[in-house]
Amino acid sequence: MTMPERRTRALRPGRRFDLRSTAMFFGLLAAALVIGGLAVRALAGVVERRPVWAVVLLCLGLAVAVARGRRRRRLSAAGMARQAGRAFARGTSTALDALDAPAPAPVSAPAPPVIPAQAGPVDEVTSPLPVAQGIDHEALTPDEFEAATAELCARDGCTEVQVVGGAGDLGADVTALTPDGRRLVVQCKRYGEDNKVGSQDLQRFGGTCFTVHEADVAVVVTTGEFTVPALEYAEQCGIVCVDGEGLLAWSQGRAEAPWAAVREETA
């Protein structure tokens, strides 16, 4: 019995298995995957900093997909690998160019206005005031008058000059050390012509200047005048009184500092 002969299908031309092309395809595909991973990682950082690049890359991908869909002819495995490699190379180049581009400068918010801090109860005089020309002390506020008196002390050689006037000062407005090292305590009275410094003011200051503030030299400075009983009490206690005319002469340099008189009397 004769067996029927089986017909074998003839291989179509162009469909033969090519080991070299297949190996090249997989090699290029592996390289493309590696390059693609690096490109995606780089693009992720770029997109995070510049979201507009996400839109650009999406449009680029859609354009490539449309262009490939319009092609009717079949591409070989090697041709597809080459096109994929070129596409990933272009994407990697675009990502690297974006990384090299300088990032936009951040917009800084305007700095808040600086509010000067208020001075505490104890202020040390560090800058000169315009008192040497004999300014009108009556035009100053009480705080300015204390500061001007403190600057007169600093001008004439006192050290550690401080303005300590305020609530609870117990009569001391300015403290300092005289040039010869004695402790100076000054009370400032910015009074007008109709308001004189009386004996009660001197008694309150005399009760604290020596015992509480441990003054070696106690001085009361006023823009006005002293009453006769106040001057008598001050002479008994050893308090130096400087009225408006004496203050003007002191500030203009025509009179010695108040502590100089105490030094001459005790010498």
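Where is E214 found? Select this residue to begin: E214 sits in the loop between α5 (199-209) and β5 (217-222). The model on display is a predicted one, and the values quoted throughout are computed from it.

**First stop: two glutamates with positive phi**

With E214 still selected, inspect the backbone. Its phi is near 55 degrees, a positive value in a residue other than glycine. The relative accessible area of E214 is 58%, and the residue is therefore classed as exposed, the cut-off being over 50%.

Next, select E160. This residue belongs to strand β2 (residues 159-163). Although E160 is not a glycine, it has a positive phi of about 50 degrees. E160 is likewise exposed, with a relative accessible area of 56%.

**Second stop: helices α4 and α7**

Now display α4 (residues 142-155) together with α7 (residues 244-251). Their axes lie 11 Å apart, and the helices pack at an angle of about 50 degrees. The two helices are therefore oblique to each other. The crossing of α4 and α7 is left-handed.

To view the contact itself, show the side chains on both helices. On α4, select F145, T149, L152, C153 and R155; on α7, select L247, W250 and S251. Sorted by class, the contact of α4 with α7 comprises 5 nonpolar, 2 polar and 1 charged residues.

How are the rings of W250 and W259 arranged? They form an edge-to-face aromatic pair, with 6.2 Å from centre to centre and 85 degrees between the planes. W250, which also takes part in the contact between α4 and α7, is buried, with a relative accessible area of 3%. W259 also counts as buried, at 4% relative accessibility.

A search of the whole structure finds 2 aromatic pairs. Is F25 buried, partly exposed or exposed? F25 is partly exposed, with a relative accessible area of 23%.

**Final view**

Key
Residues are numbered from 1 along each chain as its sequence is written. This is a predicted model: local features need pLDDT of at least 70, side-chain atom pairs count only at pLDDT 80 or more; totals for chains, interfaces and linings use all residues. Side-chain values use heavy atoms; hydrogens and water are left out. Axes are lines fitted to C-alpha atoms, for helices over the stretch in contact, and angles run from 0 to 180 degrees between N-to-C directions. Helices (H or I, at least four residues) and strands (E, at least two) are DSSP runs, numbered from the N terminus. Angles under 35 degrees count as roughly parallel, over 145 as roughly antiparallel, 65 to 115 as roughly perpendicular and the rest as oblique. A crossing is left-handed if the near helix is turned anticlockwise from the far one by less than a right angle, and right-handed if clockwise. Contact means heavy atoms within 4.5 Å. Ala, Val, Leu, Ile, Met, Phe, Trp, Tyr, Cys and Pro count as nonpolar, Asp, Glu, Lys and Arg as charged, and the others, Gly among them, as polar. Rings of Phe, Tyr and Trp (its six-membered ring) pair if their centres lie within 6.5 Å; planes under 30 degrees apart count as stacked, over 60 as edge-to-face and the rest as tilted. Buried means under 20% relative accessible area, exposed over 50%, partly exposed in between (1.4 Å probe, protein chains only).
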